Amino acid sequence: MAGSAHGHTPAAWTGVIISFIGFCIAGVFMVAANIPGFWAGIGVILLGGVVGGAMKIAGLGMPKESQAVASARDSATAAIKARA
């Protein structure tokens, strides 16, 4: 995954950070036995997914792979396999 830069986008980082904050909120309120606070934390977790998805739609996520890039990768892979 590291070679493809998977997840290294503003949309991914923002969504994960918001979700992590929600996880921390839910964890604190779960230990404190505060049910409304726990569900508020769960709501923040879901908000992180919505914000990350909205940012991806707005163009801040990974761009989709074009057909030209996919065919070039496939032909390069086939050439490497043919040499072996």
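The protein holds three helices and zero strands. From the N terminus on, its elements run α-α-α. Helices (H or I, at least four residues) and strands (E, at least two) are DSSP runs, numbered from the N terminus. The model is predicted: local features need pLDDT of at least 70 and side-chain atom pairs count only at pLDDT 80 or more, while totals for chains, interfaces and linings use all residues. Residues are numbered from 1 along each chain as its sequence is written, and side-chain values use heavy atoms, with hydrogens and water left out.

The overall dimensions come next. The radius of gyration of the protein is 20 Å, whereas a compact globule of 84 residues would have a value near 12 Å. This radius is taken over C-alpha atoms, and the globule rule is 2.2 Å times the number of residues to the power 0.38. The C-alpha trace spans about 65 × 30 × 15 Å along its principal axes. Pro 36 and Ser 66 illustrate separation in space: 30 residues apart in sequence, they lie 46 Å apart, C-alpha to C-alpha. Pro 36 sits in helix α2 (residues 35–60). At 62% relative accessibility, Pro 36 counts as exposed.

Of the 84 residues, 14% count as buried. Buried means under 20% relative accessible area, exposed means over 50%, and partly exposed lies in between (1.4 Å probe, protein chains only). Among contacts with a separation of 6 or more, 59% join residues 24 or more positions apart. A contact requires heavy atoms within 4.5 Å. The accessible surface comes to about 6200 Å², and 75% of this area belongs to carbon and sulfur atoms. Accessible areas come from the Shrake-Rupley method with a 1.4 Å probe; for residues, only the protein chains shown count as cover.

Thr 9 lies in the segment before α1 (10–31). Thr 9 is buried, with a relative accessible area of 9%. Not counting residues up to four places away in sequence, Thr 9 touches Leu 60, Gly 61 and Met 62. A polar atom of the Thr 9 side chain lies 3.1 Å from the backbone nitrogen of Ala 12.

A nonpolar patch is found on the surface. Trp 13, Ile 17, Phe 20, Ile 21 and Phe 23 form this patch, with about 580 Å² of accessible area together. Patches are made of residues with over 30% relative accessible area and no salt bridge; like charges are joined within 9 Å, and nonpolar side chains (Val, Leu, Ile, Met, Phe, Trp, Tyr) within 5 Å. One of the patch residues, Phe 20, belongs to helix α1. Phe 20 counts as exposed, at 52% relative accessibility.

The count of salt bridges comes to one. A salt bridge is a side-chain nitrogen of Lys or Arg within 4 Å of a carboxyl oxygen of Asp or Glu. The side chains of Arg 73 and Asp 74 meet in this bridge, at 3.9 Å from N to O. Asp 74 is partly exposed, with a relative accessible area of 45%. Arg 73 is also partly exposed, at 42%.

Backbone geometry draws attention to Ala 33. Its place is in the loop between α1 and α2. Phi of Ala 33 is near 60°, a positive value in a residue other than glycine. Most residues other than glycine have a negative phi. Ala 33 is exposed, with a relative accessible area of 67%.

Definitions and conventions
Polar contact = N/O pair within 3.5 Å; in protein donor to acceptor, adjacent residues only side chain to side chain.
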